[in-house]
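Open the model in your viewer and keep the sequence panel beside it. The tour below goes from one selection to the next.

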Amino acid sequence: MAHLKELVGRDPEYRRLYENYEQTKQHSNVPCPLVTKEDIDTNRFQRLSFPNRYFLNSGLKHFGERLEGFTLPYIAFLSGNVSVRKAQLKKSGYFDETFVGYGAEDWELGYRLYKNGAQFVLDSSTVAYHQEHGMSKRKVKEQWGNHYRFVKKHPNIDVLILSLEWKELPFMHMHRTLVEYKALEKRFPDEYKEFKHAFRVMLFRIIEYLNSGQPVTKLYDLPGGSEERIKIIQQFETLRSRGFDYLASSFEQIYYL
């Protein structure tokens, strides 16, 4: 609401509407219109618009409309505006109705489509208008609960990596971390076992702890002199010299919480 109050100052009519809302909100449950269809048609709504950090704002620039080379294309499956052939849905399955409340049900279906070979395309001609809204504590709890259901159902590294969103790391950082993790597995299949295991466990526990309301800290707590801890640190310390900078950075940010 503080952000909205700042934005309405750009337009006298929006400011008048907002001031009227402020005066009446205590005595009325009637919704107060903010943006009309005419505002959209004339682009006036842009005065209340602002950029956000979401991946799709930069996805075209980095990967093009077909998201070529992007390791997390299923996050583009956002059910506010998406189309998919019925044959693909029959192959992959429909929405998982055990997801109740806010969040993750579209990504989960998108992930199954991705694993079944669906090609993701961002079509700039299909425009959607989304009004930003606050998040109640109830919806935040629902969001983490559904994300937990998602990672339990698909405990794979290309789903677990989304846990880094909690650290507000950009999706490009997650993508590069995943690229490096897969390269590590390919180049060193018999090495870094303790490191890789610890990284996956910590990514899972981030969502597990958020879902249960636990503090997200000590995600892989081992005694200081334990053999496993020593191996993890030794393996971690070789990553940057071998070119795994993003993976090292991501690991560092969650291991030392």
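Start by selecting Phe199. Setting aside neighbours within four places in sequence, Phe199 is in contact with Ile157, Ile161, Thr177, Tyr181, Leu247, Ser250, Phe251 and Ile254, where contact means heavy atoms within 4.5 Å. Before going on, note that this is a predicted model, in which local features need pLDDT of at least 70 and side-chain atom pairs count only at pLDDT 80 or more, while totals for chains, interfaces and linings use all residues. Residues are numbered from 1 along each chain as its sequence is written, and side-chain values use heavy atoms, with hydrogens and water left out.

Buried means under 20% relative accessible area, exposed means over 50%, and partly exposed lies in between (1.4 Å probe, protein chains only). In soluble globular proteins, nonpolar side chains tend to be buried together.

**The whole chain**

Now show everything as a cartoon. The protein has 12 helices and 0 strands; helices (H or I, at least four residues) and strands (E, at least two) are DSSP runs, numbered from the N terminus. Along its principal axes the C-alpha trace spans about 65 × 45 × 35 Å. Of the 257 residues, 37% are buried. Among contacts between residues at least 6 apart in sequence, 66% join residues at least 24 apart.

**Helix α6**

Select residues 105-115, which form α6 and are mostly covered, with 8 of 11 buried. The buried residues are Asp106, Trp107, Glu108, Leu109, Gly110, Tyr111, Arg112 and Leu113. What do they pack against? Colour α5 (86-92), α7 (137-153), α8 (157-160) and α9 (171-187) to see the partners of these buried residues. Just after α6, Gly117 takes a positive phi of about 90°.

**Lys153**

Next select Lys153, in helix α7. Lys153 is partly exposed, with a relative accessible area of 38%. Apart from neighbours within four places in sequence, Lys153 is in contact with Asp96, Glu108 and Arg112. The side chains of Lys153 and Asp96 make a polar contact (2.7 Å). A polar contact is a pair of N or O atoms within 3.5 Å; within protein, one must be able to donate a hydrogen and the other to accept it, and residues adjacent in sequence count only if both atoms are side-chain atoms. Lys153 and Glu108 are 45 residues apart in sequence, and their C-alpha atoms are 8.9 Å apart in space.

**Two loop residues**

Most residues other than glycine have a negative phi. Select Leu67, in the loop between α4 (56-63) and α5, where phi is near 55°. Is Leu67 buried or exposed? Leu67 counts as buried, at 4% relative accessibility. Finish at Lys218, in the loop between α10 and α11. Lys218 has a positive phi of about 50° and counts as exposed at 55% relative accessibility.
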